[in-house]
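Open the model in your viewer and keep the selection tool ready. We will go stop by stop.

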Amino acid sequence: MSEKDFNAKNTDQQERVISIDRVTKVVKGGKNMRFRASVVVGDLKGSVGFGVSKSIEVPKAIRKAIEAAKKSKIQVQFLGTTIPHDIEGKYEASRVILKPARKGTGVIAGGAVRAVLELAGIKDVVAKSKGSSSPVNAARATIFALSKLMNQKNIEDLRGVKISTYNTSERSIAYGDKIYPNSAAEQAVEQKEEK
């Protein structure tokens, strides 16, 4: 029973069940059996959360996990359809490495990592999961990595300096003593002169 969509009514929130496990606690009188549900909640616009809950019945465990996921939501930084930079998230024995990808690449990830990235609204990303393959730990490591992402404005505020961007379309090509402007640079200069 993995990766079922439980769409919420009248909202743009989506829930996806990552795993449902049967867990037992050994007590004096025998064993107490319960079900543990792991759920990811997201709006496909940069908000995503992860929750885990246990109950005697599966539907109740899922409901409680959805509430826990909604309470633990984070905002994700985007750069177009991908993430701004490489990032690594660790949670216990799980490590998740996320790398930005070109437009059209899609979400290259598996299992719980894929569910978190898709519900966050990231369209193009490459992910690699190392260490423990537990879906709960992998999802938590992914959430931790996404929470550490920073865009250019955040970095500028943190460092207190302006970061310049290098635009290759406006550069000139130097060859020996001569400088040959790029065709895109020539078009940009002509457009500026017309205005």
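Start on the outward side of helix α1: select R63 and K71, which are exposed (over 50% relative accessible area; buried is under 20%, partly exposed in between, with a 1.4 Å probe and protein chains only). Helices (H or I, at least four residues) and strands (E, at least two) are DSSP runs, numbered from the N terminus.

Before moving on, note that this is a predicted model: local features need pLDDT of at least 70, side-chain atom pairs count only at pLDDT 80 or more, and totals for chains, interfaces and linings use all residues. Residues are numbered from 1 along each chain as its sequence is written, and side-chain values use heavy atoms, leaving out hydrogens and water.

**Stop 1: the other side of α1**

Which residues of α1 are buried? Select A61, I62, A65, I66 and A69. They sit on the same side of α1, because they cover an arc of only 140° around the axis (taken from the directions from the helix axis to the C-beta atoms). An α-helix has 3.6 residues a turn, so residues three or four places apart point the same way. Now show β2 (14-27), β3 (30-42) and β4: the buried residues of α1 pack against these strands.

**Stop 2**

Select β2 and β3. They run antiparallel, joined by 13 bridges (two strands pair if DSSP finds at least two bridges between them). Find V17; opposite stands V39 in β3. The two strands form a hairpin with two residues between them.

β3 and β4 pair in the antiparallel sense over eight bridges. Their hairpin has four residues between the strands, and L44 in the turn has a positive phi of about 65°. Click G42: its bridge partner in β4 is V48.

**Stop 3: S47**

Select S47, in strand β4 (residues 47-55). Is S47 buried or exposed? At 8% relative accessibility, S47 counts as buried. Its side chain makes a polar contact of 3.4 Å with that of Q75 (a pair of N or O atoms within 3.5 Å; within protein, one must be able to donate a hydrogen and the other to accept it, and residues adjacent in sequence count only if both atoms are side-chain atoms). Beyond four places in sequence, S47 is in contact (heavy atoms within 4.5 Å) with residues including V41, K73 and L119.

**Stop 4: the open sheet**

Finish with four strands in the order β6-β7-β9-β8, an open sheet with mixed pairing. β6 (87-91) and β8 (107-108) stand at the edges, each with a single partner strand, so one side of each is left without a neighbour in the sheet.
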